[in-house]
Amino acid sequence: MYTLEKQRDLGELILSIYYFAATLIIGLSIILGLRPVCIAGCSMSPTLETGSLCIAQDIDAGDNLPEHGTIVIFYPDADVSNVLYAKRLIGLPGDVLSAENDVLTVNGVYYDAIPGTGNWITDVPDRYVFCMGDNRNNSYDSRYLGCIPIEDLVAKILFSLPFS
């Protein structure tokens with residue numbers, strides 16, 4: 001017979017399992033350097049819209065840099081601001097970037113053609129990267145900020161959650 005005591009025991013078991021699972025997830029996240037990130041702003045639209053919830057992995061400046069095209073999170077001015085930016089990594093140290101009539105090339109090779117890219121050319125210095133938003137008409141990025149010091153990179157976006 002199902003009694004109130006058995007119901008209480010079942011509730012305690014479910015609660016214990018929930019706490020164990022939450023602790024395990026948090027522990028693994030810390031060990032793997034994972035963090036949740038909520039996107040605010042439209043500079044990465046349509047890839048990441050305002051309110052998108054993403055999972056990012058910490059970047060250690062001593063590790064290998066992410067590849068071209070990776071979406072990274074960084075402090076635009078680590079000395080002044082605590083606001084993080086999410087942008088696409090376009091240029092790595094030593095790259096030559098050029099944009100002409102919204103067509104972007106990296107080291108002379110076609111990269112993309114997105115309206116708002118503009119006309120410019122730059123060399124990425126050692127220990128710096130060049131980052132841009134996907135919504136180039138509405139992105140405050142390396143075209144205005146300048147190249148980003150590698151040590152200001154915080155994390156790279158691994159994926160966006162489907163229920164964002």
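Predicted model: local features only at pLDDT ≥ 70, side-chain atom pairs only at ≥ 80, totals over all residues.

1. Leaving aside neighbours within four places in sequence, Lys 87 is in contact with Ser 43, Met 44, Thr 70, Ile 71, Val 72, Phe 74, Cys 131, Met 132, Gly 133, Ser 139, Tyr 140 and Asp 141.

2. Which strand holds Lys 87? Lys 87 sits in strand S4, which covers residues 85-91.

3. The charge on Lys 87 deserves a look. Lys 87 is buried but has no salt bridge. The side chain of Lys 87 does make a polar contact of 2.7 Å with that of Ser 43.

4. What does S4 pair with? Strand S4 runs antiparallel to S9, and three bridges join them. Arg 88 has Met 132 of S9 as its bridge partner.

5. Strand S9 spans residues 128-132, and four of its five residues are buried. S9 is also joined to strand S10 (residues 148-149) by two bridges, again running antiparallel. Here Val 129 is partnered with Ile 148 in S10.

6. Finally, a look at Ala 113, which belongs to strand S7 (residues 109-113). Ala 113 counts as partly exposed because its relative accessibility is 44%. Not counting residues up to four places away in sequence, Ala 113 touches Asp 102 and Val 103. Ser 160 is 47 residues from Ala 113 along the chain, and their C-alpha atoms are 24 Å apart.

Technical notes:
Residues numbered from 1 in each chain as written. Heavy atoms only, no water. Buried < 20%, exposed > 50% of the residue type's maximum accessible area, 1.4 Å probe, protein only. Pairing = 2+ DSSP bridges. Lys, Arg positive; Asp, Glu negative; His and termini not counted. Salt bridge = Lys/Arg side-chain N within 4 Å of Asp/Glu carboxyl O. Polar contact = N/O pair within 3.5 Å; in protein donor to acceptor, adjacent residues only side chain to side chain. Contact = heavy atoms within 4.5 Å.
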